[in-house]
Amino acid sequence: MVSSINSVRIWSSQVALNAFKDVSDNRTPGSSTSGSSSSSLADMLFSSGSGGDDYEDDKIAALIASLQQTLDGNSPDTDVDGSVGDMSSKAFMKALQEKLDALKASPDSKAMAETMQKALEAGTLKMTDAVAGDQITAWDITDGKQTSAGVTSVDKSDWTQFLKDRLTRDESGKFVRNADGSYIEKATGNSSYFGMVGEAYYYISWAASAATKPATGTAPASSTNTR
């Protein structure tokens, strides 16, 4: 079986030079440019080198990974946006915006998503992870004046009990929805939504607008209703 080092070395010079375009045209084979992973990789491609194939394979794999991160706009071993699993990160807020965009694209959830978008831009959209006991006010990553306020702690709960405690039900036990499809909080009358952002479930709530009304044929039940 041809090793990965041999596979790399059979690339044509033209393909390699196109892939690593930041290498200077007048650089001689074997020379290096300090701090450039693409130059380092080009050095290995166009020089005979020394050492065993396994050693060079490992170096090439590391350099390729470093170069790919650079091409993706990230520095090696650094993710400035953080993790989608971290509610306080920019990556999470990007995922939230993608969720809102997807909801706005559907006629059934467009009106709700637009009110959520307004709440996000106003800094009044709250995100809750009941299982982890975390809550945060979402922030608009396109607004240079808004930043993360940090995660606060709330009582932990399983989702079934959490939603049962907070959402209004009708006399038959069904959750009452506004005309835009959002749920209604028993204690506050706020609008809310329950769904996934990234790979986890979150409860999203915001102040209901004056135009928000319960869907036709439903009426808010008493706040003491725990069915």
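## Aspartate 134

Is aspartate 134 buried, partly exposed or exposed? In this predicted model, aspartate 134 has a relative accessibility of 25%, so it counts as partly exposed. The cut-off for buried is under 20%.

Aspartate 134 sits in strand E2. Leaving aside neighbours within four places in sequence, it is in contact with Met87, Met127, Thr128, Asp129, Val151, Thr152 and Val154. Take Thr152 from that list. Threonine 152 is 18 residues apart from aspartate 134 along the chain, yet their C-alpha atoms are separated by 5.8 Å.

## The sheet

Strands of a sheet pair through backbone hydrogen bonds, and the pairing can be parallel or antiparallel. Here six strands form an open sheet with antiparallel pairing. Their order is E3-E2-E1-E6-E5-E4. Strands E3 (152-153) and E4 (183-184) stand at the edges. Each has a single partner strand, so one side of each is left without a neighbour in the sheet.

Strand E1 (residues 126-129) and strand E2 (residues 134-137) run antiparallel, joined by four bridges. In this pair, aspartate 129 stands opposite aspartate 134 of E2. Two helices pack on the sheet. Helix H6 touches E5 and E6, and its direction makes about 75° with that of E6. Helix H7 (residues 159-166) touches E1, E4, E5 and E6. The direction of H7 makes about 10° with that of E6.

## Helix H6 and its two sides

Helix H6 covers residues 110-122, which is 13 residues. From its first C-alpha to its last it reaches 18 Å, close to the 18 Å expected at 1.5 Å a residue. An α-helix has 3.6 residues a turn, so residues three or four places apart point the same way.

Which residues of H6 are buried? They are Met112, Ala113, Met116, Gln117, Ala119 and Leu120. These residues cover an arc of only 165° around the axis, which puts them on the same side of H6. Lys118 and Ala122, on the other side of H6, are exposed. Helix H5 (90-104), strand E5 (191-197) and E6 are among what covers the buried residues. Just after H6 comes glycine 123, with a positive phi of about 75°.

Glutamine 97 belongs to helix H5. Its relative accessibility is 18%, so glutamine 97 counts as buried. Not counting residues up to four places away in sequence, glutamine 97 touches Lys104, Gln117 and Leu120. Gln117 and Leu120 are among the buried residues of H6.

Serine 205 lies in strand E6 (residues 200-206). Its relative accessible area is 10%, so serine 205 is buried. Beyond residues up to four places away in sequence, serine 205 touches Thr124, Leu125, Lys126, Glu185, Ser191 and Ser192.

## The nonpolar cores

In soluble globular proteins, nonpolar side chains tend to be buried together. The largest nonpolar core here has 22 residues. Leu96, Met116, Leu125, Met127, Ile204 and Trp206 touch the most other members. H5, H6, E5 and E6 each supply at least two residues of this core. H5 gives the most, with six residues.

Leaving aside neighbours within four places in sequence, its contacts include Met87, Phe92, Leu96, Val197, Tyr202 and Ile204. Asp134 is also in contact with methionine 127. A second, separate core has seven residues, including Ala130, Trp159, Leu163 and Tyr203.

Notes
Residues are numbered from 1 along each chain as its sequence is written. This is a predicted model: local features need pLDDT of at least 70, side-chain atom pairs count only at pLDDT 80 or more; totals for chains, interfaces and linings use all residues. Side-chain values use heavy atoms; hydrogens and water are left out. Buried means under 20% relative accessible area, exposed over 50%, partly exposed in between (1.4 Å probe, protein chains only). Contact means heavy atoms within 4.5 Å. The expected span of a helix is 1.5 Å times one less than its number of residues. The arc is that of the directions from the helix axis to the C-beta atoms. Two strands pair if DSSP finds at least two bridges between them. Axes are lines fitted to C-alpha atoms, for helices over the stretch in contact, and angles run from 0 to 180 degrees between N-to-C directions. A nonpolar core is a set of buried Ala, Val, Leu, Ile, Met, Phe, Trp, Tyr and Cys residues joined through side-chain atoms within 4.5 Å.
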